[in-house]
Amino acid sequence: MMMPSRAIVVLLAFLPTITAGCGRTFTPGQPPVTLAARQSSSDAHVRLQWLGTSTWILSRGQDAVVVDPFFSRPSIWRVVGSLVGAEFQPDETRIRAILPALPESTRFVLIGHAHYDHLMDLGYYLRATVPRPQYIGSRTAHHILLGWAPPALDFVIADDPLRLGHPIRSGKVAVTPLLSQHAPHLFGLTFMDGDVPEPRTTPPADAWDYKVGRTLMFMVDFLGDQDEIQHRVFINGAAHEPEAVRAIPDAVLGQHPIDVAILCVPGWDKVTDYPTSLLDRLRPKRLVLSHYDDFFQPYLHEENPQQGMEFVMFARYPDFVERVHAYYAARREAVPVTEPKTGETICVSCEARP
Ligand SMILES: [Zn+2]
């Protein structure tokens, strides 16, 4: 499983079709992205800000949840080169240019799975002294993070059966981890497949040290004064087979409707009935698309999917959007589908409670 997927990546790196769109250069000196979580920390609206790839900051007042922060975005050359000894560490210059520190109000950092585009920059944030959020991810993600010898690590191993389907609470936000799957990348293969069964003692040295581990998806609930759920956001970081959503307990779904579902686009055509089986079961009131920008290039602020955004390879983004709209058209349902620009903030509750 390992060698074929390595070989495919090496092969792909030399395909001119893939490298044709590469070459965007990083411009140091740009100001960090303005965070809705900081600007709007005194009002009661839930805001979702996309910072490219699977990176989201979900926030309301003094409760922020950061998902998969990733700004190093090494090129495909560097990913492949790491297999033959090229450096593969968090790029602090790039990280500081976009999100030098997690918001002070960060209660949780969620890790969808342990691939490098979800996990590697935590090697940077783990060293920060403030804030010290609770990390929620798989056992494999935990074992990889320990390789950085963090000064402190408050980590919930969420693929433990005792944790799955049960809320983890801090402040006025609760996160319920759910077991998911990871769609294959190509030819039925999932790159960097497998687990890390033992704690690491050194940071990952190459892209293949970031084994996928078990894949998670999350319900993020913002709570009211009586701890009732006021707003519920669902987020996944990988496309998956229908079994993953069928396995979500009815009791979890029955707690509150899903106000927003943030859905990973890439991989949608490598699994069955995605995202239609998910939409059938979750019935979200609003969809927000995610993870479709080309993360082999530096982050570009306000890159627009409808105006020239460079999509990650094999995403088939326009086909995915068409599929979603066809799904709702066939049901004569008008569910808003948001295709955010990088850096964009979506206010979940602003229209309902101006
Ligand atoms: Zn992945």
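This is a predicted model: local features need pLDDT of at least 70, side-chain atom pairs count only at pLDDT 80 or more; totals for chains, interfaces and linings use all residues.
Is threonine 272 buried or exposed, and how many C-beta neighbours does threonine 272 have inside 10 Å?

View 1. Threonine 272 counts as exposed because 11 C-beta neighbours lie inside 10 Å, and a residue with 12 or fewer is classed as exposed. The residue sits in the loop that runs between β11 (260-264) and α11 (276-282). When neighbours within four places in sequence are left aside, threonine 272 is in contact with Glu241 and Pro242. Alanine 183 is 89 residues away from threonine 272 in sequence, while their C-alpha atoms are 9.6 Å apart in space.

**View 2. An open sheet of 7 strands.** The strand order is β7-β8-β9-β10-β11-β12-β13, and the pairing is mixed. β7 (168-170) and β13 (337-338) stand at the edges; each has a single partner strand, so one side of each is left without a neighbour in the sheet.

**View 3. The pairing of β9 with β10.** Strands of a sheet pair through backbone hydrogen bonds, in either a parallel or an antiparallel manner. Strand β9 (residues 216-223) and strand β10 (residues 229-236) run antiparallel and are joined by 7 bridges. Phenylalanine 234 in β10 stands opposite methionine 219.

**View 4. Buried residues of helix α8 and their cover.** Helix α8 spans residues 139-146, and its residues Thr140, Ala141, His142, Ile144 and Leu145 are buried. The elements that cover the buried residues of α8 include the helices α6 (116-119) and α7 (122-125), together with the strands β5 (134-137) and β6 (154-157).

Technical notes:
Residues are numbered from 1 along each chain as its sequence is written. Helices (H or I, at least four residues) and strands (E, at least two) are DSSP runs, numbered from the N terminus. A residue is buried if 20 or more other C-beta atoms lie within 10 Å of its own, exposed if 12 or fewer, and partly exposed in between; C-beta atoms are placed from the backbone. Two residues are in contact if their C-beta atoms, placed from the backbone, lie within 7 Å. Two strands pair if DSSP finds at least two bridges between them.
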